[in-house]
Amino acid sequence: MKSNIVWRWTAMAGIVSTLLLVVGFGYGVNDILNPQGMELSVDTSTPKQPPATSDFAAKTSIQVASIGDSLTRGTGDPSGEGYVRKVVKQLSVKLDKPVKLLNNLGINGLRADQLVHKLDEQGFKNAITEADLILLTIGGNDIFNSALDGDFTSQSFELDTLLDKVDESSKDLKKILLQIDELNPNAKIVYIGLYNPLADIQSMRQIGDTVVQRWNNLAAATINKHPNMTLVPTADLFQAALPSYISSDHFHPNALGYEQIAYRVIQGLAP
Amino acid sequence: MNSILPLVQNETIKMIKKKRFLVIVLILLVLIPIFTYAQMKVAQNNREKFKDWRHTLQQQITDNENSLASDRVPDEWKKYRKIMVQQWQYYLDHDVDPSTPNGVTFVRSFMENSSSLFIPLMVMAVASDIVSSERTSGTIKMLLTRPVRRWRILLSKLLTLTLFVGLIILTTFVLCYLIAGLVFGYGGWDQPIFTGFQINGVEVDNSAVHPVPQWLYLVMQGGLIWFSSMVVAILAFMISVLVRSTAASIVTMMAALIAGSLLTNMASSWPSAKFLFMVNLQLTTYLAGSPPPIEGMNLIFSLMILSIWALAALFVSFRVFTKQDILN
Amino acid sequence: MRDREDSIVLKVDQVKKRIGKKWIIHGVSFDVRAGEIFGFLGPNGSGKTTTIRMLVDLIKPTSGQIEVCGYNVNKDPEQALQHVGCIVENPEVYNYLTGWENLEHFARMQPHVDQTRIQEVVDIVRLDQRIHDKVKTYSLGMRQRLGIAQALLGRPKLLILDEPTNGLDPKGIKELRTFIRELADQGMALFVSSHLLTEIQLMCDRVAIISHGRVLAVGDVEDLIEEGSNYVVWQLEPAHKGRELLHAEKDVEIVNIADINIDEAMLAGIDQDAIITQMNSDRTSDLIRKMVASGVQVHTVQKMNPTLEQLFLRMTEGESIE
């Protein structure tokens, strides 16, 4: 009988699959309850090679990695592009070759001391090692971390305190730059300098300017020693026309502001 | 009758002839290609945007870290993402791709995602009318006036249901592999998958992490899905005994399951929800090392809760079915 | 009366059933013997269906005993139900299976039923032409026959049929009657329920009459009918002379057509000037002779069966019927 055969096969298949699943259940429960942890050897059969040369002209395509804080992320730009994507686009036009963004590793609120640790992560290393161009913003959060709250009265906004912070965090910046350089000596490293976001607040303007200047000077001290590093100044840009370049949170640039930063980066890279 | 086998044969033949299983296969044949296509698009997009999986994964990590800073993201999501970020980081650190696009990986993620709602729904489609349909059609009068004790009849139905739960899971698995393999290739059986992540609050303890080949992971995952499917099957079975109408029985179970999947997403504000069976169905989270829906839940706890529900349902089913008067 | 083995197949003893707080069955007792057709007569809602369901273990009695071939149906259903074939209400079978698959299904549920036996019962109910078609294509009559085939599978000693003529055409009813008689002649005990007296009268040897959860009477059908069957309708020419003649007889009582309780269908066939009498029908031929001798033409003489209601009224005399 036909139905007899069908029933036999169905029952057999049902029994076999049930047994298999019961065994799997046993294995699964055992594996979860008694996990046998083991030291894992990292597969390094294909170690990442940094690019052979730093000369953009000699390459068929440029790979970009961007690292840093909310500015790298593009916070404040309604289109979400930020300066990073604008740089990638414009550079591609300018050099007339494909420019590809490997990773945008900007993290909102990231401080220099945190970034130092991030650079130990494999994902950051991967991106940095493979990139021809590395864009970096960092430091704003170290210094102005409570400015977003509008709290300018506290101890943290007295000049001396701020300057101490600048000296402290500049050491982290130096570490970061050197570490990137060590991972990938052939990449061009572009550090975007700080601007004073407090310029439109009368009481804070002076203090802000002083602090930003000090920071940028310290950054330049490191960067100037390395020919593959570039400091892109932005302080003067925002000084001149802060209201038209800053977004509604009075901290991050707006689309126009990012446009200006990107323009300067391109200028610095391929004059 | 001494043997239960002819009774199981009866129930199996009825199940086949009712074409319920065929409907399930058809649903799978429609749904799996859709998901395969969606997955293919994702893979394509990643290939276009990223140089290799490492960059994709790193971007995923960074994007999630960014959302952690946002105040608009609910705390439990943050917790979840924090844990996932740590796991991805682990994969990245060990240079292992957690989601190589291949047939087997697709099966694994499809099964993972369908274990809380989709597979239980298919199980329900089979279980919900196994008793109530006999009442609706009146055939229960024929069934119960034969010289067979009632508990044997109910047991034969339960055994048949068990067979079909196994079949449903295996069929989903096989169809998934065959269809997805067309697009992603049929490889990936040996690819290592990490398991053994221990979650303490929002920190992931990696000390017990170990790689298992993907095929073994699939077998374990299938087993865990099987267990929760059996619990769903038994509960649907009980409803089927208690409720006369098949429609009512399906609706009752479906409401419970959907409520469960909603609760799973927002249960952290109501810790007692962890005693509900629906919240405990996704046993695979413990294998994958994803955070449980409610803090304090672990595999033993979930297995206990599910077992208690299932045993209670079995008790009620057999008690009611053997005692009850068939009035119409 | 036909030959009757004295072996009791079904024994129902003081069976009572309470559902919730309400007593549905107040105490039912009767025996059914091998080789007889036992009618179970009662109007809808009298407890007939509940009683039948208790006979086949679908409903557990609150108290009392039901035994089939000496086995208690509730305590030992595996033994007891082996000897019972039944159709409770409609013959419900699986629509999505063929007739044959349905029979195989039920065959697997009882011992000693093989393919040969299935073929046998298919032949008995003459369903072999369509047996491999899906049941959903069957007519009601065919379903009925499939139901009977199913009931006969296990070579039962007792066959229970609940309202078996429901939905059948007159030809089907006649066939069924013959068929049931054949089964009884082979020694099977048949338990047939109905709410129609005529049907019971045509089919059964003995009958139990149930009303409001109580058995009012158990006995030979003939006797019960005889007790109530005492209307004779005369159509005479000239009518007034006939009436006088009838009036003169001591044991004949002329009744008014409005006072009696006869099937309306039957009343419709009676002429305006017909005379209805209450009398022993044995006297009919004697009276006809007298009529003819007196020059009265006798057009028709008709014995009228009492309706079920009438029997009830008679039996429950003195009791109030709620």
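Visitor: Which residues does Phe173(B) touch, not counting residues up to four places away in sequence?

Guide: The model discussed here is predicted. Phe173(B) has its place in helix α9 of chain B, which covers residues 150-184. Leaving aside residues up to four places away in sequence, the residues that Phe173(B) touches are Val107(B), Met111(B), Trp189(B) and Leu218(B).

Visitor: What distance separates the C-alpha atoms of Phe173(B) and Val320(B)?

Guide: Phe173(B) belongs to helix α9 of chain B. Along the chain, Phe173(B) and Val320(B) are 147 residues apart. Between their C-alpha atoms the separation is 35 Å.

Visitor: How far apart are the end C-alpha atoms of residues 154-180 of chain B?

Guide: An unreviewed UniProt entry gives the feature "transmembrane region" for several spans of chain B, including residues 154-180 and 224-243. In the model, residues 224-243 of chain B are 95% helix and 0% strand, with end C-alpha atoms 29 Å apart. Residues 154-180 of chain B are 100% helix and 0% strand, and their end C-alpha atoms lie apart by 38 Å.

Visitor: How much area do chain A and chain B bury between them?

Guide: The size of an interface is often given as the accessible area lost when the parts come together. Here 50 residues of chain A are in contact with 57 residues of chain B. Of the area buried between the two chains, 66% is on carbon and sulfur atoms, and the total is about 4400 Å².

Visitor: Which residues of chain A lose the most area to chain B?

Guide: Chain A and chain B bury about 4400 Å² between them. Three residues of chain A lose the most area to chain B, together 16% of what that side buries: Trp7(A), Leu21(A) and Phe25(A).

Visitor: Which element gives the most to the side of chain A that touches chain B?

Guide: Across this interface, the rule finds 11 residue pairs in polar contact, both at pLDDT 80 or more. On the side of chain A, at least two residues each come from α1 (2-33), β2 (99-106) and α5 (122-130). With 22 residues, the element that gives the most is α1(A). By class, that side of chain A has 23 nonpolar, 19 polar and eight charged residues, and the element asked for is α1(A).

Visitor: What separation lies between the centres of domain 1 and domain 2 of chain A?

Guide: Chain A is divided into domain 1, residues 1-40, and domain 2, residues 56-269. Taken over C-alpha atoms, the centres of these domains of chain A are separated by 56 Å.

Visitor: Which peptide bond of chain C is cis, with omega near -5°?

Guide: Most residues other than glycine have a negative phi, and most peptide bonds are trans. Gln14(C), in strand β1 (residues 8-19) of chain C, has a positive phi of about 50° although it is not a glycine. Pro238(C) lies in the loop between β11 (231-237) and α9 (239-248) of chain C. The cis peptide bond runs from Glu237(C) to Pro238(C).

Note on methods: Residues are numbered from 1 along each chain as its sequence is written. Chains are lettered from A and ligands numbered from 1 in the order in which they are written. This is a predicted model: local features need pLDDT of at least 70, side-chain atom pairs count only at pLDDT 80 or more; totals for chains, interfaces and linings use all residues. Side-chain values use heavy atoms; hydrogens and water are left out. Contact means heavy atoms within 4.5 Å. Buried area is the accessible area (1.4 Å probe) that two parts lose on being put together, summed over both. A polar contact is a pair of N or O atoms within 3.5 Å; within protein, one must be able to donate a hydrogen and the other to accept it, and residues adjacent in sequence count only if both atoms are side-chain atoms. Helices (H or I, at least four residues) and strands (E, at least two) are DSSP runs, numbered from the N terminus. Ala, Val, Leu, Ile, Met, Phe, Trp, Tyr, Cys and Pro count as nonpolar, Asp, Glu, Lys and Arg as charged, and the others, Gly among them, as polar. Domain bounds come from an automatic or database domain assignment. UniProt positions are given in the numbering used here, feature names are shortened, and annotations may be inferred rather than shown by experiment.
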